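Colleague: Could we go through this model together? I would like to begin with helix packing and then move on to some loops.

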Amino acid sequence: MTIKVRYDVVVIGSGPGGLAAAIAAKKNGAQDVLIIERDIEPGGILLQCIHNGFGVEVFKQDLPGPSYAQRFINEAFQVGVEFLLDTMVLNITRDHRIAATSKRHGFFTIQAKAVVLAMGCRERTRAQVRLPGTRPSGVFTAGTAQRWVNVEGYMPGKNFVILGSGDIGMIMARRLTFEGAKVERVLEVMPYLSGLTRNYVQCLMDFDIELQLKHTVKNIIGKNRVEAIEAVAVDDRWNYIPGTEEIIPCDTLLLSVGLIPENELSRQAGVLIDPVTAGPFVDDGFQTNIPGIYSAGNVVHVYDLVDWVTEAGLIAGRSAARLVQKGPQLNSKTIPVKAGENVRYVVPHNLNPDHLAEDDIRIQMRVRQPIEAPVWVEVRIGGNLLHRKAEPYARPGEMVTIPLKPAHLDEVKAASELTVAIVKR
Amino acid sequence: MAKLSENVICVTCPKGCTLIVTRDGETVIDVENGCKRGKDYAQQELIDPRRMVASSVRLKGGLHPLLPVYTSVPFPKPRIPELLALLRKIEISTPVTLDQIVLENVLDTGINIHASREMKVVTG
Amino acid sequence: MKNYDIIIIGGGVIGCMTARALSRFDLKVLLIEQESDIGMGASSANSAIIHAGHDPMPGSLKAEMNRIANPMWDQISTELGISFRRCGAYIVAIGEDEFGCLTALKERSDSNGVTSEIISAEEMRRREPLVNPAVSGALFTPTAGMVDPFAACVASIENAIQNGVEVLTETAFTGFIMEGKTITGIHTNQGDFACRWVVNAAGTYSDEVMHAAETCQDFKITPRRGEYYLLDKAEIEMNNILFPVPSAVSKGILVLGSTHGNVLVGPNSQSTEDKENKSVTSEGLAEIWQGAQKLVPSISPRSVIAMFAGLRATGNAACLTPGVNYNNDFVIERSVEVNGLINLAGIESPGLTAAPAIAQRVIELLQDSGETLIDKQNWNPIRPARPHFNHMNREEQADLVAKDPRYGRIVCRCEMITEGEIIAEIHAPLPARTYDAIKRRTWLGTGRCLGSFDMPRVVDILAHELNLPATAISKKGAGSEFLQRQTKEVEA
């Protein structure tokens, strides 16, 4: 394809957030919509997530990752989204100029009316959790192992210990077992599971893989290749409990110790980053602090379901298309949304009440600690309750959502800020 | 036979509710804490547990050496190892379309194995 | 049996620089390295500083070599095409108690012939705004500098190879071949080699090489492990080298902005009997953090993106200068017990700095023993640097990609390392055949994601370029392969 000099909307990344954003931008009237993807094919990390469990909300179906992606890839092509694959964006400026490079097209710059950041997230590494020991081969993030096993077609070891009970870690425990490897143990430093309970059942319990909560890796042993890890129990402050050490022989340690939104490009462009989410501060249309730069999906905060990523992408794409057609909405008042009791963070960070006239606005949040009791999710203005919703429990691994309705418009308009909180019923 | 109460964690949706199931032998008498789908799941799980299975088969002539595949409906849990062993022996060739049937009525279960994505022919 | 004039044991910075120094003469030189790549020991795990020379014991060989070598680095770095920044270094006094120490340090610096000046707390805060506000003053040594130590190894060995030196990796010395008291060759795990001279540059194993010739039985290396932490560029930026006021055994835990742009903190100092124990420890982390935050309080362990440990080859050689009471000096000598052995042992800090002077001293030792060294007619001291995409401006990048499209494909997204750079290293004079070899040469996989994105891609490129199965590709040589089998290969 020929690269145009100008595009209405350029989306960085072709994972579920980027695909949805591009499709929505196109469907909502943007003309030239381009996705730039660094991999050789569109789809993002979903392509290596060959397990099922995707699409329960969006399609009411239980799909594997590649199937979920394929549906959006097909739709993107159908509606006329253009793709530049195997291409890396080098930087983005405040005024939407994008420099990129690829083997096929060389080095080029393009100008966009609106940009959607959809770079997704990356995995936390050994250094970020500061695991002591030697530095042999055989310490991988779960996602790297997943790419090898599911896409490239190689097994990175025989006997695994997995640190972290995140979803990717547990899902990899099952995948590796399926392909003939032995998963010796899953260790989790927290006193609770960090992924979804159903993954604990289907991925660990089904295969008698032992999960040890409040345990971590004290030492990695081995010169050339991992030979063993030393596991240890920890107290509530994550201090090792002496005498609980156990040497577990293994040749591979997989890390599933959390995901961080990937915002290096955003930072360079001047996008302000929330230190709690590690993603941009956004409004309800997923616009960042820089007019015309939007962000969608895991680049904003790490979701637990791809369906929510898609939804976020659709909103960001629609907002970008609206900007392209109507220009920036000047002087529109935005209202900050603050995290109240038990809430670690809230997205969006602020909202434009005018948007509430047209549609629901979803407020999403995570709790700090598990609350294993019935709770109210509350939206308050000052000390007064605006709206609340009941949930049977609240866990850090599962995002909590509460919609604001057009019915709330007048009250929200008059507010100086909103607070969301999660309290026991 | 005495009535038996046990906890079953529902895997139908991401909520992962803990269902309290009371049964008399093979007959489920009561399920607490579950929605309609949860109650069905509990019944199924105690009598004939099934799981969606996603894996891969070898692929010739594609961008990658593997094709991801999945079962159209949940597959009998005790027979999963048999299914996996079979999938390890299969090799298929491009082109492959999304949801194309890779194996029909696998192991006489009436369940089909589908391609999880399309794979075009890659030359060179 | 292949025959050489000189065999160098050890491909650290000392061995590599010595190989380069010898490559200018009409000699047949072989360097052997037991690991899969050169520079895998202390040479790639150190503070990356070209020391001014204020610190070593006055009168010691360490002080002398440091003083001679420091000015050589401008020319060497230019010839070898490696980055070197003569930025100066600060020994920072925190609190009024430490301020008094600066005078003594200045005197030591003076007696080592090293330029230094005491600057005020205010001036220190002006030059490095991140410094602890409780700073009371600092000793500034303007001749100190910063270099990429691994680049120094690889560039010097490449230049040596260009000029005819041979290099064998994964080749371990196992013993000498002697005729009476004269060395005539060596045994290795890859066979025997004849030679007239052996240069012992075996780092932490240099004592064992000495003992294999039945010499220097009292000399012993007791490695001191030093742990380091590298911080995310996005989290903290600093351009200076900050030392604390030193202790008796080490220059202390320092904080510096490396040539790659990352802040480096460390090292601690732990004696170990194990010459392979390069582990990082939670105790070490705690110690380093305490030390680093003393100099720069805003540093946070949360911004760590990589950690590593190096082993200093600490020896027990007494300083030969009369009247100087010092027992951890360098050994740079022609053996008097056997013929044909030159020992470069106990080379710990400031070994990196001293390397070019030590290499020069090897030439003098050979000449002193009657060896006639004839200059090669066509010796070329210039080692051309290869392109680094990320260090270029946009126009240069565009030009490079236009010339070779492989430089247009980014493989490591954090450090922006291209396929072109990786392939160039695989086919360099000393081929990079492992992941770590490519990592140390290009700085790939050293960013925030620590290679989790690029690793499968680099394994694939290595397999393709070397025409090997992916399962044969390793992190750092035999036994460290990444992949065990194909996913669908049925296990026996």
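**Helix packing and loop geometry**

Modeller: This is a predicted model. In chain C, helix 1 (residues 13-22) packs with helix 9 at an angle of about 45°, and their axes are 8 Å apart.

Colleague: Which word describes how helix 1 and helix 9 of chain C lie to each other?

Modeller: They are oblique to each other, because an angle of about 45° falls in neither the roughly parallel class, under 35 degrees, nor the roughly perpendicular one, 65 to 115.

Colleague: Is the crossing left-handed or right-handed?

Modeller: Helix 1 of chain C passes helix 9 of chain C in a right-handed crossing.

Colleague: Which residues meet there?

Modeller: From helix 1 of chain C, the residues are V13(C), I14(C), M17(C), T18(C), A21(C) and L22(C). On the side of helix 9 of chain C, they include G351(C), L352(C), A355(C), P356(C) and I358(C), as well as A359(C), V362(C), I363(C) and L366(C). By type, the residues of this contact divide into 13 nonpolar, two polar and no charged.

Colleague: Where is the kink in helix 9 of chain C centred?

Modeller: Helix 9 of chain C, residues 351-368, has a kink of about 35° centred on A357(C).

Colleague: And how many residues of that helix are buried?

Modeller: In helix 9 of chain C, 14 of the 18 residues are buried, and the helix is mostly covered. After helix 9 of chain C comes G370(C), with a positive phi near 95°.

Colleague: Let us turn to helix 11 of chain C. Why is helix 11 described as largely enclosed?

Modeller: Helix 11 of chain C, residues 419-426, has seven of its eight residues buried, so the rest of the structure largely encloses it. The buried residues are E419(C), G420(C), E421(C), I422(C), I423(C), E425(C) and I426(C).

Colleague: What do those buried residues pack against?

Modeller: Their partners in chain C are strand 21 (410-412), strand 22 (417-418), helix 12 (435-442) and helix 13 (455-466).

Colleague: Changing topic: which residues does a cis peptide bond join in chain A?

Modeller: V347(A) and P348(A) are joined by a cis peptide bond, with omega about 0°. P348(A) sits in the loop between strand 22 (343-347) and strand 23 (350-351) of chain A.

Colleague: And which residues does a cis peptide bond join in chain B?

Modeller: There, T94(B) and P95(B) are joined by a cis peptide bond, again with omega about 0°. The loop that holds P95(B) runs between strand 8 (91-93) and strand 9 (101-103) of chain B.

Colleague: What is phi of K60(A)?

Modeller: Phi of K60(A) is near 55°, a positive value in a residue other than glycine. K60(A) is in the loop between strand 3 (52-54) and strand 4 (63-64) of chain A.

Colleague: Is K60(A) buried or exposed?

Modeller: K60(A) is exposed, because its relative accessible area of 64% lies over the 50% cut-off.

Colleague: What about D108(B)?

Modeller: D108(B) is a residue other than glycine with a positive phi, near 55°. D108(B) belongs to the loop between strand 9 and strand 10 (113-115) of chain B, and D108(B) is exposed, with a relative accessible area of 70%.

Colleague: Finally, where is E358(A) placed?

Modeller: E358(A) is in helix 8 (residues 353-358) of chain A. E358(A) is exposed, with a relative accessible area of 58%. Between E358(A) and S256(A) there are 40 Å in space, C-alpha to C-alpha, and the two are 102 residues apart in sequence.

Conventions. Residues numbered from 1 in each chain as written. Chains lettered and ligands numbered in written order. Predicted model: local features only at pLDDT ≥ 70, side-chain atom pairs only at ≥ 80, totals over all residues. Heavy atoms only, no water. Bend = angle between axes of the 7 residues up to and from the residue. Helix = DSSP H or I, 4+ residues; strand = E, 2+ residues; numbered from the N terminus. Buried < 20%, exposed > 50% of the residue type's maximum accessible area, 1.4 Å probe, protein only. Axes fitted to C-alpha atoms, helices over the stretch in contact; angles between N-to-C directions. Parallel < 35°, antiparallel > 145°, perpendicular 65-115°, else oblique. Left-handed = near helix turned anticlockwise from the far one by under 90°. Contact = heavy atoms within 4.5 Å. Nonpolar A, V, L, I, M, F, W, Y, C, P; charged D, E, K, R; others polar.
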